[in-house]
Amino acid sequence: MQVIPRTVLKQKPKLDSSLGFGQYFTDYMFTMKYTKEEGWHDAKIEPNEPVKFDLATTIFHYAQGVFEGMKAFLQPDGSVCVFRPDENWARMNRSCERMCIPQFPAELAEEGLEELLKLEKGWIPSAPGTALYIRPTIVATRVMLGVHASTEYLFFIILSPVGSYYAHGLEPTKLIVESYYARSALGGTGEAKCLGNYAASMKAGEEAEEKGFDQVLWLDSAEKKYVEEVGSMNIFFVIGGEVVTPALVGSILPGITRKSCLQILRDRGYRVSERRISIEEVVAAAENGTLDEAFGTGTAAVISPVGLIRYQGKDYPINGGRMGEITRMLYDTITGIQYGTKEDVYGWRKYIG
Ligand code: COI
């Protein structure tokens, strides 16, 4: 693959837990372009520098774009692994289908990612809880104001050394149930990882933060009755010994960490269900003492315990605001596989190089 070198490398930040999330970016990026005539072409690695776009470019006006989130981890023997990248490429192509973006060759994206990671290995942090976050993105690049699917696209992968997603690390998060705004509706784009879903969530997110909460817990948009997801993570509850997560009804992102947790739980004999779960059921369980645990799952969020949920002005503390046993088991298992300290029984580690 063609590599365009840069003359001056960036000053690296301290690669430790002070990194925060998504604030620093490495020296290089992978890019490829799409045109109707040539298909996907011009795949290369080039310096990660600001790029110029005409202000009439489709992405700025109609948000025709999709993205993914993955992580690369430094292993104890110095090698590098990515967690389940094939799942991300497959989901990204499903998101493309929903957003009228042409399917991209996953093998070429993977090759680009692997070359990029080999070049940027020095940016992978090794402190506990840190990783190199991978952000593949596709944006519509045709210069045209008509509301039509673009005929040109840019695919890029940028890399960011990260610590934990939440500023408070593994401290349990506080969620507020959103009863007015909607993130997505059935038939909408909720299960695609498209840019607009995140823009749609910001108003509620900002209001939640002003009230001292970390995130919003979204309900279904039609009835405002069933729990859906958190936006940056999927949600699980442990109620009376049963591990429950909302079924993927079409308006919920099919998380890869979610899928991995379900497999681990089922294989270990836990009672697990993917079903509709009403917010009334959750708060009733909190009130009668059967809501044992709640946690979120995601690439950025990993496994994040939930310590409190506010619904209709009332606070429901969960497990005394502490991380529960099942949450801890999943956190240890997933991170053990990712950081190479546990056996990879499922073959989820993809070794680079
Ligand atoms: C991820 O977990 O990778 C996400 O994409 C969620 C969020 C940071 C946008």
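Domain bounds here come from an automatic or database domain assignment. With that noted, I opened this predicted model and started with the overall layout.

**Entry 1, the domains.** I found the chain divided into domain 1, residues 2-162, and domain 2, residues 173-339. I looked up how far apart they sit: their C-alpha centres are 27 Å from each other. For the contact between them, I noted 27 residues from domain 1 and 21 residues from domain 2.

**Entry 3, the shell.** I listed the residues around the ligand: Phe 67, Gly 69, Tyr 133, Arg 135, Tyr 165, Lys 193, Tyr 198, Ser 232, Thr 299 and Ala 300. Sorting this shell by class gave me 5 nonpolar, 3 polar and 2 charged residues.

Which residues place polar atoms by the ligand's oxygen atoms? My first stop was Tyr 133, where a polar side-chain atom is 2.5 Å from a ligand oxygen. I then turned to Lys 193 and read 2.8 Å between an N or O atom of its side chain and an oxygen atom of the ligand. At Ala 300 I looked at the backbone instead, and there a polar atom lies 2.8 Å from a ligand oxygen. Last, I checked the cover: on its own the ligand has 280 Å² of accessible area, and the protein covers 90% of that.

Note on methods: Residues numbered from 1 in each chain as written. Predicted model: local features only at pLDDT ≥ 70, side-chain atom pairs only at ≥ 80, totals over all residues. Heavy atoms only, no water. Near = heavy atom within 4 Å. Polar contact = N/O pair within 3.5 Å; in protein donor to acceptor, adjacent residues only side chain to side chain. Areas by Shrake-Rupley, 256 points an atom, 1.4 Å probe, with all protein chains shown as cover. Nonpolar A, V, L, I, M, F, W, Y, C, P; charged D, E, K, R; others polar. Contact = heavy atoms within 4.5 Å.
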